[in-house]
2 protein chains.
Amino acid sequence: MEEKIAQLKLLLNEISDLGGAQAVLGWDQQTYMPPGGAEARGEQLSTLAKITHDKFVSDEIGSLLQDLVPYANSLDPDSNDARLIHVANREFKKQKNVSSEWVAEFAQVTAIGQEAWVTARSESKFSIFQPHLEKIVQLRRQYADFFKPYDHIYDPLLDDYEPGLKTSEVQEIFSKLRTEQVALIKAISEKPQVDDSFLKVTLDEQRQWDFGVEVITRFGYDWKRGRQDKAAHPFTTSFGSDDVRITTRFLPNSGSSALFSTMHECGHALYEQGINPALRRTLLMNGASMALHESQSRMWENLVGRSKEFWTCFYSRFQNLFSDILGTVSLDDFYRGINKVVPSLIRVESDEATYNLHIMLRMELEIALMEGTLAVKDLPDAWNSKMKEYLGVVPPDDAQGVLQDIHWSGGSMGYFPTYALGNLVSVQLWEKIHEDIPAIGSQIRNGEFSDLLGWLREKVHTHGAKFDPQDMVMRITGSKITPEPYLRYLNQKYSEIYNL
Amino acid sequence: MEEKIAQLKLLLNEISDLGGAQAVLGWDQQTYMPPGGAEARGEQLSTLAKITHDKFVSDEIGSLLQDLVPYANSLDPDSNDARLIHVANREFKKQKNVSSEWVAEFAQVTAIGQEAWVTARSESKFSIFQPHLEKIVQLRRQYADFFKPYDHIYDPLLDDYEPGLKTSEVQEIFSKLRTEQVALIKAISEKPQVDDSFLKVTLDEQRQWDFGVEVITRFGYDWKRGRQDKAAHPFTTSFGSDDVRITTRFLPNSGSSALFSTMHECGHALYEQGINPALRRTLLMNGASMALHESQSRMWENLVGRSKEFWTCFYSRFQNLFSDILGTVSLDDFYRGINKVVPSLIRVESDEATYNLHIMLRMELEIALMEGTLAVKDLPDAWNSKMKEYLGVVPPDDAQGVLQDIHWSGGSMGYFPTYALGNLVSVQLWEKIHEDIPAIGSQIRNGEFSDLLGWLREKVHTHGAKFDPQDMVMRITGSKITPEPYLRYLNQKYSEIYNL
């Protein structure tokens, strides 16, 4: 059996290398690729995706797994080998359902789709993107059909990002969240609004860049094993845990956007940089799920980065950098400004109280697209009317509406819900962190993050994708993913800021 | 047969995509990859190289070629299909000799080797690079042995860069070149030296960058299908003809180095951008050989870029940009300065009269390493004594000596001779261009390059790798690769500059 495990790992190494190569091509596509490169890039990604898929669902891996799964049951169930065999077997069974033609076509269509989205968004013309999205939705419906019978057509999509989670479970969580968040937003709207005019400014890019670098270096981001570049839509990508890259963007009239984006992506990157090296070149060299991943990015962006403690340490430095604008703004006013709650158009710029509503909207639209009750051509109208219903605002154009996110152009459907789930998990972990590190607040006030990072490394990062997300959250917090801690956090934070 | 050709092309498309992916990974490695990424990058490149090799030497391609080669003989021998079949067959037969384990190991060793070289060069410590180079030489000797019996152990290496050319042919050309170039250098050394002190300065990087961009835009470089970045060792790479990237570097105390490097790489890039799109995703989507490639880079760098005509157009602009240094330097003095002949340490910075001697030195060392008459540990001494013998100068450290070039670290042995051959071909073409475009001199004086580029596109670029290099040069100039035109060019140019 030792030989068979070694052989399985060897084959998985190849799959992992191919995945890394695709990630490099994807990173380049979003950072430096000239426009002419799009077609060939689509072909390269398509070929790599097809080869990866064919190699993974090979008879050789199939027969190794057949022998190894019973053997894994005799091992310590938490051992790396046992978990690798189980996760590989789960993914093998899934991917075995999917045709290699579909994989190649999907990679090609989404590579081209991303370029179309870039153009469509910059010209704010949904019609440029529409035919691509139609093809993508069609491919995603085909994909779901590979997994028939399913409880819900959205389940197979969600499962790719959140292994084991069902659409109905998410809907139940969201329905509770929605009621309470809407009530909170309403309560806030009845109070005097805080001032954030000092954030609606265009700041010097280099200074923003430098401050962001300073902050995430303090967080613990390892620059020898990563780098930061600019991209239209910030993201983190990893080619093994020793090359984990982040991106950021600078927006006009938004003085804190790049900073929070950098902290957010750093949260993702710290996760990837912290995975146990023993898991390298295997399927487990990943986050446990997108919700777990997002719990890390949102923790560093919000629970740390938008906290009074953080700015107690960093505000004077930030204020000095931009003294022409912030010279007369007090720490308290700044803190309230960066935490202003107001229904707005752009998800990634939205505050913690309204953010999840952006997600619910996307999930409902995705489900409608998948069920076939909404046509792609009607998507902009559906988007706008849901924005009106959920948030009371209507985008003036598609760039600030339906075209704002890159995800659909890359074929990511079923991904959005994990953002809201990530918020929930971040606070579930946060409560546990406060139990385990009582001094956490004063540490952050002193700009010390090593205990926090150490805790996350030990409890979350090091395990990579060994455990299923719900199991992982349960192991750490004693509960599955649940909305109560997040709602407690929101209510407490905003009660103080808005005197509710 | 139509079906079989279509099937062959489909399989070659995959190979081409894999090649493109490897090129992206290589580009990233030399431009933006953080140091921690080296190990995983080696693994990724190794896996891709192995998969590419295995797919190329597959029985499927073998049996298609067996049927198609006789059929190709019935086609127009210059047709794309006939040439594709012949070139594919030639490469198939070659690669069939090479084991897939060798390919994987070579990719891994050279990826790591490149990182070691970067460190070794920056610390000027050959010992850091030595064990890597020993491994590389060992692998290269193994490689040659795959092709036994050979006339010369260096032949299989040379053939990778210059299909069909033999070591003995190169040696014959070089022996003639060497005698005459040494005589020329001696004649020059007896004349009063020209002044180039105004070039031994450190210029503002951004202005150098901008001027280089301005120049190569005029040459015809298509920025929608390319980009320029910085790299330790400038290079050009292509991921299909619609994404052809160049790199440059800025040196202290060398005011024109980056500019000539940019023009050089642009010459390579114009070649790749000009290949007939009908050849895309096939083996023919490449230059005909490295000598042909180098003929293009050296033509734009030297025959254009170091000509009086070019600077007649561009000097006042350049002078204005750096008026504090060049304000009092006349066009004639500037022209003489950029063409100063002086034996020097660094190949890529050397003048046209001494350049080929740098190449001969490398070729002789490579042959000695391959023949086993020189041990890697003795290479720095051998380098230094050959520098003394050929050029009369001795490097003060290994960074300026044996460690100056990236090539060996990437496993490129047999490549260097093509640089000198490229010089020869560039002037063979240049003489023909003057016959076909009598106004070429005045066009360049006016900054007009479209006739020149058009000629190169039609005669050279569009054909990609359809024709063998010697055949190609013969078709265009009526002669094989020969040293006389280059020697004529050198003698005429320097007779005027140095009053010989």
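These legends describe close-up views of a predicted model.

**View 1. A salt bridge links A:E39 to B:R280.**
The closest N and O atoms of A:E39 and B:R280 are 3.7 Å apart. The pair crosses between chains. A:E39 sits in helix α2 (residues 38-56) of chain A. B:R280 sits in the loop between α10 (257-273) and α11 (290-304) of chain B. A:E39 is partly exposed, at 41% relative accessible area. B:R280 is also partly exposed, at 26% relative accessibility. Across all chains, a search of the whole structure finds 90 salt bridges.

**View 2. A:R281 and B:E43 form a salt bridge between chains.**
Here the closest N and O atoms are 3.4 Å apart. A:R281 belongs to the loop between α10 (257-273) and α11 (290-304) of chain A. B:E43 belongs to helix α2 (residues 38-56) of chain B. Is B:E43 buried or exposed? B:E43 has a relative accessible area of 7%, so it counts as buried, the limit being under 20%. A:R281 is partly exposed, with 21% relative accessibility.

A:D378 is partly exposed, at 31% relative accessibility. A:K377 is exposed, at 53%.

**View 3. Helix α2(A) packs against helix α1 (residues 2-31) of chain B.**
The helices pack at an angle of about 105 degrees. Their axes are 9 Å apart. The angle lies within 65 to 115 degrees, so α2(A) is roughly perpendicular to α1(B). Which residues of α2(A) meet α1(B)? They are A:R41, A:E43, A:Q44, A:T47, A:L48, A:K50 and A:I51. On the α1(B) side, the residues are B:E14, B:D17, B:L18, B:G20, B:A21 and B:V24. The contact is made up of five nonpolar, three polar and five charged residues.

**View 4. Three strands of chain B form an open sheet.**
The strand order is β1-β3-β2, and the pairing is mixed. β1 (228-230) and β2 (236-238) are the edge strands, each pairing on one side only. From one strand to the next, the twist averages 25 degrees. Helix α1(B) packs on the sheet and touches β1, β2 and β3 of chain B. The direction of α1(B) makes about 45 degrees with that of β1(B).

Strands of a sheet pair through backbone hydrogen bonds. B:D229 has B:T247 as its bridge partner in β3(B). B:K230 has B:T248. β2(B) and β3(B) form a hairpin, with five residues between them. In the turn, B:G240 has a positive phi of about 90 degrees.

**View 5. The residues of strand β3(B) are buried.**
Five of the five residues of β3(B) are buried. Which residues point one way from β3(B), and which the other way? B:V244, B:I246 and B:T248 point one way. B:R245 and B:T247 point the other way. In a regular strand, side chains alternate between the two faces of the sheet.

**View 6. B:Y390 is a buried residue in helix α16 (residues 379-391) of chain B.**
The relative accessible area of B:Y390 is 9%, so it counts as buried. B:L361 is 29 residues away from B:Y390 in sequence. In space, the two are 7.6 Å apart, C-alpha to C-alpha. What does B:Y390 contact, leaving aside its neighbours within four places in sequence? Its contacts are B:R178, B:L357, B:M360, B:L361 and B:E364.

Technical notes:
Residues numbered from 1 in each chain as written. Chains lettered and ligands numbered in written order. Predicted model: local features only at pLDDT ≥ 70, side-chain atom pairs only at ≥ 80, totals over all residues. Heavy atoms only, no water. Salt bridge = Lys/Arg side-chain N within 4 Å of Asp/Glu carboxyl O. Helix = DSSP H or I, 4+ residues; strand = E, 2+ residues; numbered from the N terminus. Buried < 20%, exposed > 50% of the residue type's maximum accessible area, 1.4 Å probe, protein only. Axes fitted to C-alpha atoms, helices over the stretch in contact; angles between N-to-C directions. Parallel < 35°, antiparallel > 145°, perpendicular 65-115°, else oblique. Contact = heavy atoms within 4.5 Å. Nonpolar A, V, L, I, M, F, W, Y, C, P; charged D, E, K, R; others polar. Pairing = 2+ DSSP bridges.
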